Amino acid sequence: MRRTQPRPHLEARNNSDSSFEARAGLSRKCVARIYGLCSGRTKEREVVFASAENLGDGLRDAQYVVDRVTLQVVYLAARMQKPLLVEGPPGCGKTELAYAVAAAAGATVERLQCYQGITEEKAIGKFDESLQSLYLESQKEFLREDWDGIRNRLHSLDFFAEGPLLRALRHQSKPCVLLIDEIDKVDHAFEALLLEVLSAWQITVPKLGTIKAETVPFVVLSSNEERRLGDPLRRRCLYLRFEYPTVEREVEILAARSAAQQMPLLGQMAGLAHALRGWNMEKPPSIAEMLDLAHALDILEVKEIVPEQRDVLLPLLAKTEGDRGRLLLREGFEGLVMDSKIYRDKLNGRRRIACAAA
Ligand SMILES: Nc1ncnc2c1ncn2[C@@H]1O[C@H](COP(=O)(O)OP(=O)(O)OP(=O)(O)O)[C@@H](O)[C@H]1O
Ligand SMILES: [Mg+2]
């Protein structure tokens, strides 16, 4: 959307009650809020997390597993009111992080799902033309005496169907997490549009004016890196890189998010994930797919993965013709199952030593 200077009539409206507002009995404060031009100063965002530990407790309650460094970076982003740009392979918890932070903060999530060809209207919103026509019809008799007032009202937020970006800036009672999901799918022009939002915390819409944030949302941008994002966007964000988790962390995630609670099976599933990912697959299994595997094993009442289960487990683990073909080779799956047991046993050994030392 083209960025314009705030229209003079909007500024003027801030200084004196227009006849429409007087007619509608709106107070000056209320009018200012409606037009988002109240003081020109964004209200301080409430401190959502008292400490990194407090955030950690909230994420744990949301069954979201993070390492210490990620936890501190998320905490810093919240305290510094910086957007968080999260890049990494599919199914590794980028989107889920936004929901977990929102759950930890008791915040509402506004989600902008990006795709190729997304429009500014979709992100910011647009004037509701049918409502405008209806209003115009109802004001026919005042047209001559109060055209300016009616025109200004028609171009106010009352007649604007807000998209997620605008809604996120206008949250008042509750904190808000703005998830801009799969930002790598948009083109450069749309990316540039976000720069105003993410640093000035305001949006400028032709005819509507500049809408300043009521509260600064906590922003998470996720990307699968289909396209390299521009440096201006990057410099406004704190950057998190998500990789596949370690065997230990994957055990924690599987334990938090699946019905499997027995250590040997958890360790074997995490070990299998690790082995598959080290196997140079076209599409290595993500955390989400390992959770599907855990679900399937629970349904099948399987307590240990064995080579004979290959054909039934393959659709959960191999998602391309090439990967399927390789796993079907004689030694393919069998070797991976053996590796999974080795990882499981190593993990169990380490745990036993840790328990003995404690
Ligand atoms: N750290 C984690 N703690 C708990 N669960 C996780 C974690 N990471 C991933 N998951 C699980 O994996 C699932 C998929 O994660 P998510 O949808 O966030 O992936 P993504 O990185 O956004 O993938 P995509 O790029 O395909 O959108 C989540 O629903 C969640 O169950
Ligand atoms: Mg996602």
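Mentor: Let's start with a pairing: strand E5 (residues 176-181) runs parallel to E8, and 4 bridges link the two. One bridge to pick out there is Ile180, whose partner in E8 is Leu221. Keep in mind throughout that this is a predicted model.

Now look at Leu221 from the other side. Leu221 in E8 is also the bridge partner of Leu85, a residue of strand E1 (residues 84-87). E1 and E8 (residues 218-223) are parallel too, again with 4 bridges. Another bridge to find on screen is Leu84 with Val220 in E8.

How buried is E8? Of its 6 residues, 6 are buried, so E8 is largely enclosed by the rest of the structure. Here is a general point to have in mind: side chains in a regular strand alternate between the two faces of the sheet. In E8, Phe218, Val220 and Ser222 point one way, Val219, Leu221 and Ser223 point the other way, and all of them are buried. For "buried", the cut-off is 20 or more other C-beta atoms within 10 Å of the residue's own.

Moving on from E1, you reach strand E9 (residues 238-241), which runs parallel to E1 and is joined to it by 4 bridges. Leu85 turns up again here, with Tyr239 as its bridge partner in E9. Leu84 stands opposite Leu238 in E9. So that you can trace it by eye: Leu84 has Val220 as its partner in E8, and Leu85 has Leu221 there.

Put together, the strands form an open sheet of 5, in the order E2-E5-E8-E1-E9, with parallel pairing. Strand E2 (108-113) and E9 are the edges: each has a single partner strand, so one side of each has no neighbour in the sheet. On average, neighbouring strands in this sheet are turned by 20° against each other, ignoring direction.

What lies across E1, E8 and E9? That's helix H5 (residues 68-80), which runs at about 155° to E9.

Next, follow the chain out of E8. Glu225 lies in the loop between E8 and helix H12 (231-235). Its backbone is worth a look: Glu225 has a positive phi of about 65°, though it isn't a glycine. As a general rule, most residues other than glycine have a negative phi.

Glu301 is not a glycine either, and has a positive phi of about 55°. You'll find Glu301 in the loop between H15 and helix H16 (310-317). With 6 other C-beta atoms within 10 Å, Glu301 is exposed.

While you're at H15, click on Ala296, which is in that helix. Ala296 is partly exposed, with 16 other C-beta atoms within 10 Å. Its C-alpha atom is 8.5 Å from that of Leu316, 20 residues away along the chain.

H15 also brings us to ligand 1. Helix H6 (94-105), helix H13 (247-257) and helix H15 (287-299) each give at least two residues to the shell around ligand 1. In total 18 residues surround the ligand, and the closest are Pro90, Gly93, Lys94, Thr95 and Glu96. Sorted by class, that shell has 9 nonpolar, 6 polar and 3 charged residues.

Finally, zoom out to the whole chain. The protein chain has 18 helices and 9 strands, and 34% of its 358 residues are buried. Among contacts with a separation of 6 or more, 80% are between residues 24 or more positions apart. As for confidence, the chain averages a pLDDT of 87, and 87% of the residues score at least 70. The stretch to treat separately is residues 1-44, where pLDDT stays under 50 and the model has 56 contacts beyond four places in sequence.

Terms used. Residues numbered from 1 in each chain as written. Chains lettered and ligands numbered in written order. Buried ≥ 20, exposed ≤ 12 C-beta atoms within 10 Å, placed from the backbone. Pairing = 2+ DSSP bridges. Axes fitted to C-alpha atoms, helices over the stretch in contact; angles between N-to-C directions. Contact = placed C-beta atoms within 7 Å. pLDDT = per-residue confidence, 0-100. Near = placed C-beta within 6 Å. Nonpolar A, V, L, I, M, F, W, Y, C, P; charged D, E, K, R; others polar.
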